[in-house]
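Here are some exercises to work through with the structure open beside you. Try each task yourself, then follow the solution step by step.

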Amino acid sequence: MGNLTATRPLQPWTAPTATDPVAATLRLPGSKSLTARALVLSALATGPSTLAKPLRARDTTLMAGGLRAMGAHMSIADDERWLVRPHHLAGPAHVDVGLAGTVMRFLPPVAGLAEGQVTFDGDPHARTRPLGPLIGALGTLGVRVDVTGDGSLPLAVVGDGRVPGGEVVIDASASSQLVSGLLLAAPRFDRGVVVRHVGPPVPSAPHLRMTVQMLRAAGAAVDDGTPDVWVVEPGPLTGRGWEIEPDLSGAVPFFAAALVTGGEVTLQGWPHSSVQPVEQLRALLHSMGGDVTLTTSGLTVRGTGTVRGIRANLSDVSELTPALTALAMLADSPSVFTGVGHIRGHETDRLAALAREFAGLGADVTESPDGLEIRPRPLRGGVFRTYQDHRMAHAAAVAGLAVPGIELDDVSCTSKTMPEFPALWSGMVTGKN
């Protein structure tokens, strides 16, 4: 069942059960993915940058802290607007990655540009997350990386202020972040970079497209016209203002609530042109019985109270798997999800954890190497362990809308990407938002 060491109960929380269709209009925090990339690009730019409506959560404050430790000037006291002033990067420095894949994969290439040693470590489970391909790639590009474990944290990057760069072959089938981390720093490499992926398909392709679009917005020359090949030319990155969209992955549990209860949820502040995979989400929610519309009011999802089972490859939107699994548990027919074997290496082995915890509530669910098969039947209340994984907490909350007595052993893990989640969720269910 993978790494499923139970967490010590910190903040037990009973998921509220909906007695009526939810009707909520929400303004959710900014995208973690956009905030993380904007912070890195801003720290490597030639002038100052601002981030409007960034996400303040554990992952993003760790990212800001890691860049600050290497020398970048970060002003993040204002929740509405962060200011980043690039500065000479240097060690000695230590980066706490927490449990954030973005921090552990985006910042070692940046550390290669610093003068001196930068050490990296994080939460205990962070040491099990795949880093080997990135470590090997950095070595090929001329970065010294000292590793005490087997291709994982803790590690030290020993830089001399420049990275030669060049061409590298990498198997990024475990995470698209392995490629994004190299691309984000590549404009500062002497020769830029040519990254060639060899192996099973890279998951979460929309996140790679996000990386490319943001690099171009910062002035980088990027060629992604050849499948599985990314070319970034050396050159300066421009400081700029970044408008951070609401977090689509964080919104999914709230949209799922509309389907479960036959209600309506609107996410305010949604742009008409998004770099997040909104079309994939729209198609999935429509297939499961929801109606998704984008108006001047925001992105709205309406449900009928009946959830339909589906068969879907979720490789491009794997972050949605836990919430969609909870929806599938409440559907009127079986569901099969595939293409997400790589989420076994996320904050926990998500497939094993979902199967185990929902089975504990009476579910009929079967793991496959790359997905789950769910055959809906009545669930019962009980303790649902989150394994320090915010997406597990989201799944439990969605199921709790229809199943009384689901108690999360620790809801505080949602602070990783949305500290406001418990209050927002309870307010939505009770109609007090």
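Predicted model: local features only at pLDDT ≥ 70, side-chain atom pairs only at ≥ 80, totals over all residues.

**Exercise 1. Describe how H1 and H2 pack, starting from the angle at which their axes cross.**

Step 1. Two packed helices are described by the angle between their axes and the distance between the axes. Axes are lines fitted to C-alpha atoms, for helices over the stretch in contact, and angles run from 0 to 180 degrees between N-to-C directions.

Step 2. The axes of H1 and helix H2 (residues 58-69) come within 10 Å and cross at roughly 10 degrees. H1 is therefore roughly parallel to H2. (Angles under 35 degrees count as roughly parallel, over 145 as roughly antiparallel, 65 to 115 as roughly perpendicular and the rest as oblique.)

Step 3. On the H1 side, the contact is made by Lys32, Thr35, Ala36, Leu39, Val40 and Ala43, and on the H2 side by Asp59, Thr60, Met63, Ala64 and Leu67. These residues divide into seven nonpolar, two polar and two charged. (Ala, Val, Leu, Ile, Met, Phe, Trp, Tyr, Cys and Pro count as nonpolar, Asp, Glu, Lys and Arg as charged, and the others, Gly among them, as polar.)

**Exercise 2. Describe H6 and its packing with H5.**

Step 1. Helix H6 (residues 205-217) has 13 residues and reaches 19 Å from its first C-alpha to its last, close to the expected 18 Å. Gly219, which follows H6, has a positive phi near 100 degrees.

Step 2. Among the buried residues of H6 are His207, Leu208, Thr211 and Leu215. The partners of the buried residues of H6 include helix H1 (32-43), helix H5 (177-185) and helix H8 (278-287).

Step 3. The axes of H5 and H6 are 10 Å apart, at an angle of about 5 degrees. The two helices are therefore roughly parallel to each other. Val179, Ser180, Leu183 and Leu184 in H5 meet His207, Leu208, Thr211 and Leu215 in H6. Of the residues in this contact, five are nonpolar, three polar and none charged.

**Exercise 3. Which strands stand at the edges of the sheet of four strands?**

Step 1. Two strands pair if DSSP finds at least two bridges between them. The order in this open sheet is E4-E5-E3-E14, with mixed pairing.

Step 2. Strand E4 (73-75) and E14 are the edge strands; each has a single partner strand, so one side of each is left without a neighbour in the sheet. On average, neighbouring strands are turned by 15 degrees against each other, direction ignored.

Step 3. Inside the sheet, strand E3 (residues 49-52) and strand E5 (residues 81-85) pair in the antiparallel sense over four bridges. Ser49 has Val84 in E5 as its bridge partner.

**Exercise 4. Which strands pair with E17, and over how many bridges?**

Step 1. Strand E15 (residues 264-267) pairs with E17 in the antiparallel sense over four bridges. Val265 has Val301 in E17 as its bridge partner.

Step 2. Strand E16 (residues 291-295) also pairs with E17 in the antiparallel sense, over five bridges. Here Asp291 is partnered with Arg302 in E17, and a hairpin joins E16 to E17 through two residues.

Step 3. Strand E17 (residues 298-302) is mostly covered, with four of its five residues buried.

Conventions:
Residues numbered from 1 in each chain as written. Heavy atoms only, no water. Expected span 1.5 Å × (residues − 1). Buried < 20%, exposed > 50% of the residue type's maximum accessible area, 1.4 Å probe, protein only. Contact = heavy atoms within 4.5 Å.
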